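Dear colleague,

I am handing over the structure below, together with notes on what was found in it. Please read the notes with the coordinates open beside you.

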Amino acid sequence: MNLAWVIAVLRPLDIASHPNFRDSQYDVLAPVQLAGVVSGDPSRWSHHAIQEGEESIDQAVAYARLSFTTDGLREGLNGLVYEAQHSEEDFARSCALVLLASCAAAELEEYAKIDEIIDAELSKPSLETPEGKLVRAALLQQKSLRNRDTGRSYSSLTSEVLVLLDTLYPRDFCEFAMSPGATVTYVEAVQDVITSLRHAAWSLAPLLRRAGDDEQITSAPVPNWQEIIRTPKSNQAYRVEQLCASEYAKFVQISYDQTFRSQTRKFGGGGSPTLFYAALNRELLGDIRVYSLRKESALLKFIQCMGVEGTDAKEVADCLRLLRHSGAKSELDLAVERVRASGPLAALKLDSARILRNRSRPCMIGLPELRVLRGSADLMEKNEARDALELICEVIRAGGAQPAPGSSQLDVVRLEPAWLTAASLANVAHECEKVALLLLQAARDGRPEDELRDKAIGRALNSLNWEQISPETRAAWESFFEEEGSGMPVSRSVFETLTSDERRVAGDAIESLEDVANRLNAVMAGNSMNPSELTSSVEIVKNSLTAIRSAAQKGQFGFRFIDPADAAAALIIHCGATDVWGPLCEFLIDPNVQRSDKSDAFDRLSYGTPRAPQTVLAKFQENSETLLNSSNEYFDNDAVLPFPAALRFLASQGIVTEVAAFSLISQMFGRGTPEARVEASRTVASLATSVSSLWVLSQAMQFSHDSEPAVRGHAARALSVHSTDSSQFSEIARARLTEMLTQEAILVPLLTIRQILQIAEFPDSAKEGIGHLALAHPSVIVRREALKLLSGTE
């Protein structure tokens with residue numbers, strides 16, 4: 001057994017050719033070729049000594065190189081598996097190839113194949129030599145990592161790894177050829193591999209003791225966390241960190257050159273910065289620290305590939321996979337929303353298809369998988385969504401999203417993402433009835449007064465399309481709330497809002513801000529509010545505004561489930577409650593109140609365009625400069641200036657002139673941050689309905705080419721307004737709008753459609769674009785919205 005094969009994949013620099021110590025006889029050896037490829041360092045490749053096509057090139061090495069590429073991944077995997085299965089003469093060679101094949105199969109999420117090839121390798125006649133035990137330990141550790149990746153038990157495997165490693169002594173191993181440039185002997189190389197595998201096993205094994213005491217939890221031979229910290233690590237860990245630092249330095253250099261427009265031109269070089277090879281080393285060792293490298297690798301790839309035109313959907317799908325495999329939930333949330341907003345939507349379809357194809361058991365579905373399935377639900381065909389919903393229902397029956405082995409979560413934390421995903425899939429699969437009944441049973445099974453469960457079920461109910469739900473099921477929910485649902489106020493509020501009618505909303509006393517919000521939702525749905533209800537609502541809102549101002553004076557701030565200032569604005573617009581103007585104005589100009597408590601009200605008033613009383617306008621005029629320069633935001637240290645929502649309101653009321661608005665919007669956009677550019681574009685869209693000057697169209701055209709999808713989306717809203725006028729520039733607006741409708745992902749079409757709904761007439765070119773969306777857009781949501789718009793114009 002030539003252990004150089006295993007060292008070549010676990011410590012490649014000890015075996016690979018060295019650029020300063022060329023040896024034509026050594027460099028052509030197959031393990032040396034493989035080590036050069038696995039190292040990721042082009043200077044360590046042996047190609048200088050071998051011509052492509054020569055028989056001396058081991059075919060397994062060629063397959064390994066293919067498996068490291070997006071387009072060659074499948075062919076490389078199949079080749080590695082074939083070579084491993086036909087490598088009977090050397091157990092070390094087949095082990096090295098199986099380790100590489102496992103990493104390739106993990107990229108494709110083909111865990112059944114991983115189990116198959118590792119089990120086949122482990123089933124070979126056991127070799128009681130030190131080399132045989134080390135090879136077996138490496139295979140078992142690889143299987144442990146893959147079991148953890150899929151929510152399966154692995155503690156017994158890890159225990160066996162540690163037992164095997166404790167029987168090994170480096171000097172018992174047979175000598176093998178090392179690189180002429182190696183800084184260690186073969187004995188030290190073996191010792192480092194044993195140390196690396198031991199730390200990898202410790203990283204995966206359940207802890208023996210709780211931090212700070214000696215209470216034993218499991219029988220796994222694992223030291224406590226302090227002993228692990230004090231135990232010397234292999235220098236391979238430092239090599240990986242050095243490789244990461246080198247790639248980050250390359251990324252910084254490239255960013256610097258681009259920012260400062262370097263005139264230097266480089267030819268050749270090592271390609272784009274990548275953490276692939278650093279992560280690969282930890283994947284091969286089966287070390288849990290690969291999770292953080294998966295995340296870093298995904299973020300680096302995202303930054304590089306999402307900022308270029310013609311983004312490769314396969315590369316973006318791989319970024320999503322890496323974020324899922326790292327368990328980076330917040331980063332995955334941002335990534336999914338970004339891809340939905342700006343594309344490529346094919347990336348979400350690819351990743352969701354991979355999940356459904358290879359993670360067919362509930363234990364393999366965690367929070368990240370649910371997030372991707374929820375984000376791609378409206379991109380699925382009806383049958384695909386139905387199959388996905390069946391899997392999610394199994395996940396719900398199993399208790400929800402599966403936490404990582406060895407960890408635990410509250411039931412509702414695991415169930416809520418599954419309920420939300422089921423609701424999203426049901427809307428596409430036309431199975432809302434099924435999910436509504438499933439949620440009803442969940443509500444009945446919950447503990448009384450369980451606030452977390454109440455809010456989770458309420459959010460899931462809000463995600464369902466209630467047009468698909470039968471009167472019988474609606475009646476069952478109503479009966480539940482009347483008989484058993486007194487402890488579920490949020491779910492009841494959501495249900496009543498979504499299914500409101502005159503009978504359901506009338507007669508209940510208005511006693512809280514939540515009741516006011518429910519009644520306002522009913523009014524906006526076409527119902528009315530009687531004088532008594534209006535009086536109660538106004539009083540509650542006024543008291544809430546006073547309470548916030550009083551707390552703000554004391555430096556007390558918070559997040560709010562219902563925004564009282566927004567409710568006050570809605571009472572003015574939809575119920576004619578003009579007596580709210582006074583207290584609302586005092587609230588909005590109060591410098592102590594944070595901006596987030598004012599923004600929604602300002603925006604509702606600017607879009608609703610109610611003309612404020614003269615006395616109120618005078619107060620806003622007097623405080624306009626202070627308002628625009630207000631940066632009082634307790635939870636945001638980088639608030640956009642001027643205050644965007646205040647600018648939109650003041651401009652809509654004529655307090656800020658067109659000239660001043662043009663200057664302030666340009667100032668806002670010039671700050672350069674994505675948030676500032678989005679707010680600038682949103683302000684232009686808001687003013688487009690009331691300002692016909694060409695500067696609005698000019699800014700909208702400029703913003704429509706921005707790299708940020710939300711900026712383009714609001715610009716499209718402004719263009720849709722100006723595409724209907726008779727100016728000589730309207731044709732440009734129509735052409736750009738048509739172009740955007742056919743090229744963008746989800747955000748721009750949806751914002752455009754919703755803006756067009758407010759226009760009496762819109763041009764034939766826009767109708768053609770909307771018709772294309774209704775027929776061919778990947779998203780069911782966009783297709784439905786487009787159909788509604790077209791049917792309303794016929």
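Predicted model: local features only at pLDDT ≥ 70, side-chain atom pairs only at ≥ 80, totals over all residues.

Residues are numbered from 1 along each chain as its sequence is written, and side-chain values use heavy atoms, with hydrogens and water left out.

**The chain as a whole**

The protein chain has 41 helices and zero strands, where helices (H or I, at least four residues) and strands (E, at least two) are DSSP runs numbered from the N terminus. Along its principal axes, the C-alpha trace spans about 95 × 65 × 55 Å. Of the 794 residues in the protein chain, 54% are buried; here buried means under 20% relative accessible area, exposed means over 50%, and partly exposed lies in between, with a 1.4 Å probe and protein chains only. The accessible surface of the protein chain comes to about 35400 Å², and 50% of that belongs to carbon and sulfur atoms; these areas come from the Shrake-Rupley method with a 1.4 Å probe, and for residues only the protein chains shown count as cover. Among contacts (heavy atoms within 4.5 Å) between residues at least 6 apart in sequence, 70% join residues at least 24 apart.

**Helix packing**

The axes of helix α3 (residues 30-39) and helix α4 (residues 59-67) come within 9 Å and cross at roughly 10 degrees, so α3 is roughly parallel to α4. Axes are lines fitted to C-alpha atoms, for helices over the stretch in contact, and angles run from 0 to 180 degrees between N-to-C directions; angles under 35 degrees count as roughly parallel, over 145 as roughly antiparallel, 65 to 115 as roughly perpendicular, and the rest as oblique. On the α3 side, A30, Q33, L34 and V37 meet V61, A64 and R65 in α4.

Helix α36 (residues 694-703) is mostly covered, with seven of its 10 residues buried, namely W695, V696, L697, Q699, A700, M701 and F703. The cover over these buried residues includes α34 (658-670), α35 (674-688), α37 (709-722) and α38 (730-743).

**Salt bridges**

The structure holds 52 salt bridges, each being a side-chain nitrogen of Lys or Arg within 4 Å of a carboxyl oxygen of Asp or Glu. In one of them the side chains of R359 and E369 meet at 3.8 Å, N to O. This pair links distant parts of the chain, since R359 is in the loop between α17 (345-358) and α18 (367-376) and E369 is in helix α18, 10 residues apart. Both R359 and E369 are buried, and the two belong to a network of salt bridges that also links E109, R324, D351 and R354.

Two further pairs each lie within a helix. K250 and E247 meet at 3.6 Å, N to O, and both lie in helix α12 (residues 235-259), three residues apart, or about one turn of the helix. K250 is partly exposed at a relative accessible area of 24%, whereas E247, at 9%, counts as buried. E496 and R492 meet at 3.1 Å, N to O, and because they are four residues apart in helix α24 (residues 489-498), about one helical turn separates them. E496 counts as buried at 18% relative accessibility, while R492 is partly exposed at 30%.

**Backbone details**

The peptide bond from G343 to P344 is cis, with omega near -5 degrees, and P344 is found in the loop between α16 (329-342) and α17. The bond from L641 to P642 is likewise cis, with omega near -5 degrees, and P642 is placed in the loop between α32 (624-628) and α33 (644-652).

H430 has a positive phi of about 55 degrees although it is not a glycine; H430 sits in the loop between α20 and α21 (432-445) and is partly exposed, with a relative accessible area of 46%. E449, also not a glycine, has a positive phi of about 60 degrees; E449 is found in the loop between α21 and α22 (451-463) and, at 61% relative accessibility, counts as exposed.

**A surface patch**

L410, V413 and L452 make a nonpolar surface patch of about 270 Å². Patches are made of residues with over 30% relative accessible area and no salt bridge, with like charges joined within 9 Å and nonpolar side chains (Val, Leu, Ile, Met, Phe, Trp, Tyr) within 5 Å. V413 lies in helix α20 (residues 411-429) and counts as partly exposed at 37% relative accessibility.

With best regards
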